[in-house]
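Please keep the sequence and the structure in view while reading.

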Amino acid sequence: MKSPPPSLRRITAGFRVLAGRAREHRRWVIAAGAVAGAVVVASVAVEVWPQDEPKLPPTRARAYKDFDACMLTGADGIKAGSAAVPVWKGMQDASQKTGMRATYLEVTGEQSEGNALPFLNSLLQQQCDVVLAVGAPQVAAVESVAKKYPKVPFVVVDGKAVAANVTNALSGDGLTEKVAGVAEGAFEAAGK
């Protein structure tokens with residue numbers, strides 16, 4: 001077997017050198033790609049990794065004090081035109097100023113004192129701190145039980161109660177302010 005001519009040997013040696021360099025270059029390209037991939041993975045991990053203290057959005061809920069002003073109304077509730085609207089407005093004003101909770105309960109069914117009593121009892125069992133009544137049946141129900149609950153302040157609109165814990169408020173101008181004042185006074189008296 002004859003050996004290849006020297007010129008061919010130089011060419012094949014040159015190809016071997018180039019092939020070796022290409023393999024070395026390929027290793028560097030693969031290593032650089034691996035490092036770049038690791039940097040990307042680390043960056044993503046840092047972004048999505050949970051932080052020590054999560055940032056909470058500001059709360060939209062109001063923080064209320066432990067004091068409930070409860071209103072007993074007729075079937076119309078606090079709908080526009082109802083006699084309870086200015087009372088509800090006064091309760092809302094007092095709630096904004098003091099942080100008390102303001103709620104209302106509608107007497108459904110027959111509009112009578114007898115039917116209003118269970119609804120009133122429900123408010124008393126919930127331990128409302130001040131109870132307001134709007135409408136003749138609701139006012140009559142409060143006037144019939146107010147003396148049994150001397151520690152609960154009551155407000156009746158257009159009532160005739162003479163108990164020490166019952167405040168009579170007249171409908172018309174100034175009712176909203178009167179209700180707000182009585183509710184705030186009950187709140188302050190409770191030391192909340």
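A salt bridge is defined here as a side-chain nitrogen of Lys or Arg within 4 Å of a carboxyl oxygen of Asp or Glu. Side chains of opposite charge can pair when their charged atoms come close. The model is predicted, so local features need pLDDT of at least 70 and side-chain atom pairs count only at pLDDT 80 or more, while totals for chains, interfaces and linings use all residues. Residues are numbered from 1 along each chain as its sequence is written, and side-chain values use heavy atoms, with hydrogens and water left out.

Under this rule, the count is 4 salt bridges. One of them joins R101 and D68, with an N to O distance of 2.6 Å. R101 belongs to strand β2 and D68 to strand β1, 33 residues apart; strands (E, at least two residues) and helices (H or I, at least four) are DSSP runs, numbered from the N terminus.

R101 also forms a salt bridge with D66, whose closest N and O atoms are 3.2 Å apart. D66 lies in the loop between α1 (6-48) and β1 (68-73) and R101 in strand β2 (residues 101-106), so this pair ties together parts 35 residues apart in sequence.

Relative accessible area is classed as buried under 20%, exposed over 50% and partly exposed in between (1.4 Å probe, protein chains only). D68 is buried at 17%, R101 is partly exposed at 27%, and D66 is exposed at 54%.

A further salt bridge pairs E184 with K97 at 3.4 Å, N to O. E184 lies in helix α5 (residues 175-189) and K97 in helix α2 (residues 85-98), so the pair ties together parts 87 residues apart in sequence. E184 is buried at 14% relative accessibility, whereas K97 is exposed at 63%.
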